Amino acid sequence: MLFFDVIFLFMAGLFGGVLNSIAGGGSFITFPALVFVGVPPLIANATNTFSSCGGYFSGVYAFRHKLKKHQKEVFLTVLSSLIGGTVGAFLLLQTSESSFENAIPWLLLFATLLFIFGARANTILQAYSEKNKYTLHFKSILLSISLLGISIYGGFFNAGLGIIVLSYLTLSGHKNINVMNGLKLVVSSSVSLAAICLFILNDSIAWVESSVVLVGTLLGGYYSAHISMRLNPEKIRLFVGFISSIITAYFFYVTYA
């Protein structure tokens, strides 16, 4: 790996770690960066999952006190996330490189739309679920199925997972943002752990590249606590939405042009 590649991946990890802590969407930076330096897309996806896990685990530790009153929910969340993450990773490993390359633009488009319009759609869904008695009646079953589906998506493709999980948590009735962020990181950690185990067994991780991104992600996540006090999260989200749209358009062009 060239010296430029090392610097490029480190900076991508650093920036991605900051974005994950402030507004989410760090994978929109780290995944394309891995592809850009020559890592095959399917391997880049697995590598990105590994590179992001350090920030998830450290985040869960930071929110551990906020989650003490939700131990039963945490246990069930971890169990469902581990199962879903395993299934998603297994499906990824059964996918050919060419098929995954063709799917990348659509996966990025799905994650980008969720990132940009997720909060608005979530508000509509929440209002509908509160008014519709049938939705309320089957709410627990629907939420369980939703979490499993979200975890399968996360095991298959990591980008946008945090945004989807926050929407799920709002629908499930959570309003405390600290608890929600803690549970979001629990899901992300569990999904990543399950997926990484399969990726390691199948030798699907580019270790040198992942280590560089991981160091950048950890540093970015650590120092972003100070940066977040000076920046407007909504403006950062607009910036991430803009960047992710450009990256999605680029992958559509490269894949189908």
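**Reading the model**

Tutor: The protein has 11 helices and zero strands; helices (H or I, at least four residues) and strands (E, at least two) are DSSP runs, numbered from the N terminus. Keep in mind that this is a predicted model, where local features need pLDDT of at least 70, side-chain atom pairs count only at pLDDT 80 or more, and totals for chains, interfaces and linings use all residues. Residues are numbered from 1 along each chain as its sequence is written, and side-chain values use heavy atoms, with hydrogens and water left out.

Student: What pattern does the protein follow along the sequence?
Tutor: Reading along, you get α-α-α-α-α-α-α-α-α-α-α.

Student: How much of the protein counts as buried?
Tutor: Buried means under 20% relative accessible area, exposed means over 50%, and partly exposed is in between (1.4 Å probe, protein chains only). Here 48% of the 257 residues count as buried. As for the surface, the protein exposes about 13,200 Å², and carbon and sulfur atoms supply 70% of that. Those areas come from the Shrake-Rupley method with a 1.4 Å probe; for residues, only the protein chains shown count as cover.

Student: What share of the contacts is between residues 24 or more positions apart?
Tutor: A contact means heavy atoms within 4.5 Å. Among contacts with a separation of 6 or more, residues 24 or more positions apart account for 82%.

Student: Let's zoom in. Is Ser27 buried or exposed?
Tutor: Ser27 sits in helix 2 (residues 27-36) and counts as buried, because its relative accessibility is 7%. The side chains of Ser27 and Asn48 are joined by a polar contact of 3.1 Å. A polar contact is a pair of N or O atoms within 3.5 Å; within protein, one must be able to donate a hydrogen and the other to accept it, and residues adjacent in sequence count only if both atoms are side-chain atoms. If you set aside neighbours within four places in sequence, Ser27 is in contact with Asn20, Pro32, Asn48, Ser52, Asn158 and Ala159.

Student: And which residues does Thr49 contact?
Tutor: Thr49 belongs to helix 3 (residues 41-62), and its relative accessible area is 1%, so Thr49 is buried. Beyond neighbours within four places in sequence, Thr49 contacts Asn158, Ser192, Ala195, Ile196 and Phe199.

Student: How do I read aromatic pairs?
Tutor: A pair of aromatic rings is described by the distance of the centres and the angle of the planes. Rings of Phe, Tyr and Trp (its six-membered ring) pair if their centres lie within 6.5 Å; planes under 30 degrees apart count as stacked, over 60 as edge-to-face and the rest as tilted. This structure holds 11 such pairs. Take Phe8 and Phe36: their ring centres are 5.1 Å apart and their planes are at 45°, so the pair is tilted. Phe8 is in helix 1 (residues 3-22) and Phe36 in helix 2, so the pair ties together parts 28 residues apart in sequence. Phe8 is partly exposed at 28% relative accessibility, while Phe36 is exposed at 57%.

Student: What kind of pair do Phe110 and Tyr153 form?
Tutor: That one is edge-to-face, with 5.5 Å centre to centre and 70° between the planes. Phe110 lies in helix 5 (residues 97-131) and Tyr153 in helix 7 (residues 139-156), so this pair links parts that are 43 residues apart in sequence. Phe110 is partly exposed at 42% relative accessibility, whereas Tyr153, at 13%, is buried. There's also one aromatic cluster formed by Phe31, Phe100, Phe156, Phe157, Tyr250 and Phe251.

Student: Which residues form the nonpolar patch on the surface?
Tutor: Patches are made of residues with over 30% relative accessible area and no salt bridge: like charges are joined within 9 Å, nonpolar side chains (Val, Leu, Ile, Met, Phe, Trp, Tyr) within 5 Å. A salt bridge is a side-chain nitrogen of Lys or Arg within 4 Å of a carboxyl oxygen of Asp or Glu. Here the patch is Phe75, Leu76, Leu79, Ile83, Val87, Phe90, Leu91 and Leu148, together about 730 Å² of accessible area. Helix 4 (residues 71-93) gives the most, with seven residues. Leu79 lies in helix 4 and is partly exposed, with a relative accessible area of 43%.

Student: Last one: where is Asp203 found?
Tutor: Asp203 is in the loop between helix 9 and helix 10 (207-227). Its phi is near 50°, a positive value in a residue other than glycine. Asp203 counts as exposed, at 61% relative accessibility.
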